[in-house]
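Work through the exercises below with the model in view. Try each task before reading its solution.

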Amino acid sequence: MKVAIYGRTGDVEGRCGREEETQSHRGMLPKGRLAKSFLSSWSFAQMTDNSLLDIAFQPLSHSDYGNQIRSYFVNRKGRTNDMVMQRWVSEFTNKNDMFDAIARDIKRNHNMFHDTKGGMINISQAIEINKPNFRVSPINLSEMIAIGGVQEVVVKNNLIRESIEQSTIDRFGKGHNKPHTATVKLDILIKDWYGVDEDDFMNLRPAALLGRKAIAALWVLQHQRGYKPFINVYHYRHDLKIVF
C-alpha cells in the first residue's frame, strides 16, 4: 500500500519578466511624481550602495534570515536562494489553518490507507484556500521573514508512519478501541520573489510592511543600480499528526 500526498498552488516562475519586481534596471526613473518626491527627499541619489543596503535591510537586522538574504542580494549569486526555515511563527500567520485543512483532506480519503492499490491525495485546494501569509512579528524578531505575498507553495509527503493498535479488553471485560493514527512528514516549499516595484513603497502593499523607506532603498538598488531580484525558496518540514 502506498499513499502519496501532494499539493501545489501558484507559479513563481510564471511571473518572470512580466512584473517590475522580477526585473533589474540601471538608471530607471520612478513613474509617479510623489514617488520621485519621496526618493529626492531621502537623498538616495547621493548615497553609496552600502548606505542604501543598510537602510533596506535594517528591518531584518535581527532576523535569522536577514544576513543570508542580504548576502545573496549583494553578491548577485543567481536566480534561486534556498533557505531552511527552522521555525514558522504561527501567531501572526495562517499556518495552522493550512495544516488543519490538509488534515481534513487526508481524513476524507482515509479509505486509501486500507486499499492495496493506494493512491494520491490531492491537497492543492486546501493550500490554495489557506495559502500561507506572513506578517512581521514584534515579539519574535529573529523569525521575521521578508515575504509580502507568496507566489508558489508546494507540499508533498516525505514519509507516512501509521500506528494501528488492536482493541483490548480490560479486566472487567470491557472492550477498548485503540485509535488509528498516522504521522505524515510533509516537505513544504514556499517560493517568493525577493524584489520590489514602485507600488510596493507607494501604496504600502503587504511587501512594504517592513517600512516605506527600506522598500524604497531596495527599489533604488534594484532599478537604478542593477541589483538583481531573485526567488527565495524556504524549505520547511512539518510532522502532521492525524487521528482517524
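Two residues are in contact when heavy atoms of theirs lie within 4.5 Å. Keep that cut-off in mind for Exercise 1. Note also that this is a predicted model.

**Exercise 1. The whole chain**

Task: Find what share of contacts between residues at least 6 apart in sequence join residues at least 24 apart. Then describe the protein as a whole.

Solution: 
- Step 1. Take the contacts between residues at least 6 apart in sequence; 77% of them join residues at least 24 apart.
- Step 2. List the secondary structure: seven helices and eight strands.
- Step 3. Check burial. The protein has 244 residues, and 45% of them count as buried.
- Step 4. The accessible area is about 12900 Å². Carbon and sulfur atoms account for 48% of that area.

**Exercise 2. An aromatic pair**

Task: Classify the pairing of Phe73 and Tyr227. Which parts of the chain does the pair tie together?

Solution: 
- Step 1. Start with the total: the structure holds 10 aromatic pairs.
- Step 2. Look at the geometry of Phe73 and Tyr227. Their ring centres are 5.2 Å apart, with 25° between the planes.
- Step 3. Apply the cut-off: planes under 30 degrees apart count as stacked. The pair is therefore stacked.
- Step 4. Place the residues. Phe73 sits in helix α3 (residues 66-75), and Tyr227 in the loop between α7 (212-223) and β8 (230-243), so the pair links parts 154 residues apart in sequence.
- Step 5. Widen the view. Phe73 and Tyr227 belong to one aromatic cluster, together with Phe57, Tyr72, Tyr194 and Phe230.

**Exercise 3. A glutamine in a loop**

Task: Is Gln151 buried or exposed? Which backbone nitrogen lies 2.7 Å from a polar atom of its side chain?

Solution: 
- Step 1. Locate Gln151: the loop between α5 (124-129) and β4 (152-164).
- Step 2. Read its relative accessible area, 12%. Buried means under 20%, so Gln151 is buried.
- Step 3. Find the nitrogen. It belongs to Trp193.
- Step 4. Survey the contacts beyond four places in sequence. Gln151 touches several residues, including Thr9, Asp11, Arg15, Glu21 and Lys191.

**Exercise 4. A leucine in a strand**

Task: Where is Leu189, and which residues does it contact beyond four places in sequence?

Solution: 
- Step 1. Leu189 lies in strand β7 (residues 180-194).
- Step 2. Its relative accessible area is 26%, so Leu189 is partly exposed.
- Step 3. Its contacts are Glu152, Val153, Val154, Val233, Tyr234 and His235.
- Step 4. Check one spacing. Leu189 and Glu152 are 37 residues apart along the chain, yet their C-alpha atoms are separated by 8.0 Å.

Notes
Residues are numbered from 1 along each chain as its sequence is written. This is a predicted model: local features need pLDDT of at least 70, side-chain atom pairs count only at pLDDT 80 or more; totals for chains, interfaces and linings use all residues. Side-chain values use heavy atoms; hydrogens and water are left out. Rings of Phe, Tyr and Trp (its six-membered ring) pair if their centres lie within 6.5 Å; planes under 30 degrees apart count as stacked, over 60 as edge-to-face and the rest as tilted. Helices (H or I, at least four residues) and strands (E, at least two) are DSSP runs, numbered from the N terminus. Buried means under 20% relative accessible area, exposed over 50%, partly exposed in between (1.4 Å probe, protein chains only). A polar contact is a pair of N or O atoms within 3.5 Å; within protein, one must be able to donate a hydrogen and the other to accept it, and residues adjacent in sequence count only if both atoms are side-chain atoms. Accessible areas come from the Shrake-Rupley method with a 1.4 Å probe; for residues, only the protein chains shown count as cover.
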